[in-house]
Amino acid sequence: MREALHAEWTKLRTLASTSWLLLSTAILTVGMSAAVVAASSYQPFGYQDTPKLSLTGIDIGQAVVSILAVLMMSNEYSTGMIRTTLTAAPRRLVVLAAKATLLTGAAVAGGIVAVSGCLVAGRLILPSKGFTVAHGYPLLSLAHGATLRAAGGSVLYLVLVSLFSLGVTTAIRDSATAIGVVLGFLYLFPLLAQVVTDPAWHRHLEQIGPMTAGLAIQATTDLRSLPISPWAGLGVLALWAGAALATGGILLRLRDA
Amino acid sequence: MTTGIIAHRSEAVGHDGFAQLLWAEWTKFRTVRGSVIALGAAALVIALLSFVSASGDRFSFCPTGRSSCTSRHPAVPTGPGGEPVTDSFMFVHQPLVGNGVVTARVTSLSGRPVGGGPIGAPRATMQPVLVPWAKAGIMVERDTSQGAAYAAVMVTGTHGVRMQYDYTHDAPGLPGAVAMSSPRWLRLTRIGDIITGYDSTDGSHWSKIGTARFRDLPSAVQIGLFVTSPAYIPSGSNIGNPSVATASFDEVSVRGDLLTNSWTGDAIGASATFYPLLSTASSWHRLARNAFTITGSGDIAPRVGGSVFNGDMGGSILIGAIPGLIVLIVVATLFVTSEYRRGLIRITLTASPRRGRVFAAKALVVGSAAFAAGLVGTALAVVIVHHVLIANGNYLLPVSRLTEARVIVGTALLLAVAAVLALALGTAFRRGAAAVVTAIVLLVLPLILVYTLPAGESNWLMRLTPTAAFAVQGTQPSSPLVASAYTVKNGYYPLAPWAGLAVLCGYAAIALASATWLLRRRDV
């Protein structure tokens with residue numbers, strides 16, 4: 001495993017695209033959060049979940065992180081490198097595990113930068129949009145338990161999305177198709193849930209969708225009205241990631257490279 | 001090798017037809033089994049997901065708890081012009097035979113939102129809010145059935161005094177709100193088939209607001225006082241709360257042939273589906289011989305979307321189009337990136353060295369294929385969704401055949417242009433993953449934001465991003481006489497249908513130009 005990790009680490013760090021993609025994840029996530037927060041405004045009726053609002057950028061960040069995950073595996077196939085890799089390390093699941101480990105590390109690093117940037121942006125912009133202490137909105141702070149959970153959970157969310165993408169790509173092998181499948185699964189559920197008016201359907205769709213369930217971790221207020229509790233929601237996403245990795249792993253073992 | 005030579009020779013003699021180029025690209029496209037299957041899958045998935053989405057869109061309204069749920073929409077009245085209308089209000093009335101004059105003074109109008117269900121039930125009442133189109137005034141109506149022809153002069157929440165008739169006609173009178181210190185005198189005169197409305201601030205200086213001409217107005221009509229109050233829509237909300245309004249009338253007088261000279265109160269169009277079922281007895285009080293206090297809820301207006309009663313075909317078809325869009329984006333991207341991966345691009349560009357034309361042929365092939373798949377898929381989806389929504393008890397506002405055709409062709413064009421955009425991105429990036437993600441993020445992500453953020457705050461996304469093109473799916477009618485929740489989620493787009501598509505075309509044109517430039521400039 002150590003050799004496999006070392007080999008994968010060399011591949012990952014020597015690719016120019018890795019650092020570019022992690023940097024883009026952070027910039028796009030923070031940029032989108034800042035834009036959304038700047039476009040919002042305090043309303044006297046109804047309560048706005050400001051930590052969740054400040055973390056909206058994860059919606060776009062997950063797309064960039066999944067490119068990183070997809071390329072990690074699809075590049076092996078598009079260049080033919082996979083044959084060299086598997087000759088050097090014939091235990092295929094170890095290779096996949098090494099990739100997953102490194103991807104987790106990369107996503108954590110990128111995620112921490114992105115999420116911190118979002119919180120700073122929210123802290124700076126929100127008061128000027130009327131979300132002030134006087135209106136019942138304290139400054140965003142990690143000392144607040146629910147905000148800490150939302151922030152930490154968002155980093156974990158990015159990790160799980162990247163692992164899901166890795167699993168899908170291991171099964172599909174082609175980068176364009178894999179990323180299409182990943183984004184289809186992520187983005188389709190929230191849209192479908194919004195259009196469906198039947199309350200039971202609506203709730204179930206939000207409970208099983210990888211994005212809708214996973215992002216429940218960002219909610220800080222009114223947890224009772226959530227279709228799924230924050231950690232259970234992240235658990236659903238973990239199941240999706242686990243299922244994708246398992247499928248990918250089995251296919252990797254069974255198929256010729 | 002021979003193809004290369006033939007191409008060069010035919011170029012030399014002026015037969016380098018664009019048609020041959022198209023044929024070559026089409027052959028490349030159709031002989032990859034995956035892309036043909038994907039085209040079929042795109043059409044299928046549009047119809048299938050539209051069906052799933054429509055199946056989950058069922059009418060169910062529970063005004064007073066679980067036991068009161070209804071699964072069929074209430075009957076929708078039609079106005080004198082045959083158009084669907086809303087017609088529910090509190091009416092204190094009596095018959096008038098022949099010509100006459102009705103006069104009344106309104107001294108106050110106040111309102112508040114309420115939970116659904118009968119008033120008086122212990123429900124959270126919210127802060128007093130008078131909705132913009134709360135109405136209180138005098139009316140002459142053919143009869144008290146829903147959708148009957150009428151003419152009325154009224155004070156409103158924020159639109160001043162108006163004269164309205166037959167649901168769609170409206171003329172402004174005195175501006176400003178009504179109050180004890182600034183009351184409004186209202187008058188309607190009936191002479192034959194002509195009803196004229198007047199208003200005044202003092203009861204002696206009258207000004208004419210407008211005239212309504214009717215056909216075959218019967219000799220006996222209903223005249224009286226009415227109050228109604230449409231849904232209150234909180235800012236950023238996609239759905240309204242019912243509201244009630246209360247008005248004080250005095251100086252009520254009628255000149256003409258009154259049969260009985262006794263007033264009756266009726267809640268017209270009362271049904272406990274959305275507006276609270278007002279108890280007739282407690283909603284109007286006769287304070288003196290010519291003074292009344294009346295409370296009403298409902299609206300007298302054209303019917304628009306965005307209410308709890310209406311299903312919207314657009315939403316379901318939109319959901320179906322999204323997975324179809326993703327499939328087509330992948331197909332279009334792979335059409336060019338796989339050439340790079342396999343080195344086929346070098347043969348292609350050797351055979352026809354004019355790169356701009358090769359790219360144009362590719363765009364035309366992939367665009368037409370996506371258009372065809374989109375046309376079949378959306379046409380199926382429109383038929384399926386229509387039937388499923390109606391079977392689920394939803395009310396669908398009438399949509400003309402022309403509008404339906406526009407939704408189908410417009411959606412197919414959207415998919416075609418999106419495919420061309422993806423092709424251009426694929427050519428520019430030469431990397432499948434980056435191109436697919438960019439296209440999906442540009443086209444799908446804004447929609448998620450618009451749906452999940454508070455309504456209205458993110459409407460700029462539907463103007464500036466390629467997602468604006470989904471405006472081609474808008475079918476819901478709106479009216480300046482109704483302050484409904486005209487939000488994207490309810491099927492109202494900030495841009496006109498073709499203007500929205502033009503935004504996407506703009507993005508695609510920029511991407512095409514950049515891709516062509518890059519293709520010409522770069523080595524392959």
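**Chain B, its helices and its partner**

The buried residues of helix H11 pack against helix H6 (355-391) and helix H7 of chain B. Helices here are DSSP runs of H or I with at least four residues, strands are E runs of at least two, and both are numbered from the N terminus. Buried means that 20 or more other C-beta atoms lie within 10 Å of a residue's own; exposed means 12 or fewer, partly exposed is in between, and the C-beta atoms are placed from the backbone. To pack against, or be in contact, means C-beta atoms, placed from the backbone, within 7 Å.

Two notes on the source. This is a predicted model: local features need pLDDT of at least 70, side-chain atom pairs count only at pLDDT 80 or more, and totals for chains, interfaces and linings use all residues. Residues are numbered from 1 along each chain as its sequence is written, while chains are lettered from A and ligands numbered from 1 in the order in which they are written.

Stay with H11 of chain B, residues 497-521. Its buried residues include B:Leu501, B:Leu504, B:Ala508, B:Leu512 and B:Leu519. Why such spacing is worth looking at: an α-helix has 3.6 residues a turn, so residues three or four places apart point the same way. Now its length. The expected span of a helix is 1.5 Å times one less than its number of residues.

Now step back to the whole chain. Chain B has eleven helices and 17 strands. Its C-alpha trace spans about 105 × 50 × 40 Å along the principal axes. The radius of gyration of chain B is 30 Å, whereas a compact globule of 524 residues would be near 24 Å. That radius is taken over C-alpha atoms, and the globule rule is 2.2 Å times the number of residues to the power 0.38. Of the 524 residues, 52% count as buried. Take the contacts in chain B with a separation of 6 or more: 76% of them come from residues 24 or more positions apart.

How is chain B divided? Domain 1 is 18-58 + 309-474 + 486-521, and domain 2 is 85-302. Those bounds come from an automatic or database domain assignment. The C-alpha centres of the two domains lie 49 Å apart. Eight residues of domain 1 of chain B are in contact with four residues of domain 2 of chain B. On the domain 1 side, three are nonpolar, three polar and two charged. Nonpolar here is Ala, Val, Leu, Ile, Met, Phe, Trp, Tyr, Cys and Pro; charged is Asp, Glu, Lys and Arg; the others, Gly among them, are polar.

Next, strands in chain B. Two strands pair if DSSP finds at least two bridges between them. E7 (residues 184-191) and E8 (residues 194-200) of chain B run antiparallel, joined by seven bridges. B:Ile191 stands opposite B:Ile194. Two residues separate these strands in the hairpin, and B:Gly192 in the turn has a positive phi of about 65 degrees. E8(B) also pairs with E9 (residues 207-213) of chain B, antiparallel, over six bridges. There, B:Asp199 has B:Ser207 as its bridge partner. This hairpin has six residues between its strands, and B:Gly203 takes a positive phi near 85 degrees.

Which non-glycine in chain B has a positive phi of about 70 degrees? B:Tyr167 does. B:Tyr167 sits in the loop between E5 (161-165) and E6 (169-172) of chain B. B:Tyr167 is buried, with 26 other C-beta atoms within 10 Å.

Finally, the partner chain. 37 residues of chain B are in contact with 32 residues of chain A. H4 (313-342), H8 (432-443) and H9 (445-452) of chain B each supply at least two residues of the chain B side. H4(B) gives the most, with twelve residues. The chain B side divides into 21 nonpolar, eleven polar and five charged.

Last stop: H8(B). Are its residues buried or exposed? Twelve of its twelve residues are buried. What covers them includes H4 (58-79) and H8 of chain A, together with H4, H7 (401-429) and H9 of chain B.

Key: Two residues are in contact if their C-beta atoms, placed from the backbone, lie within 7 Å.
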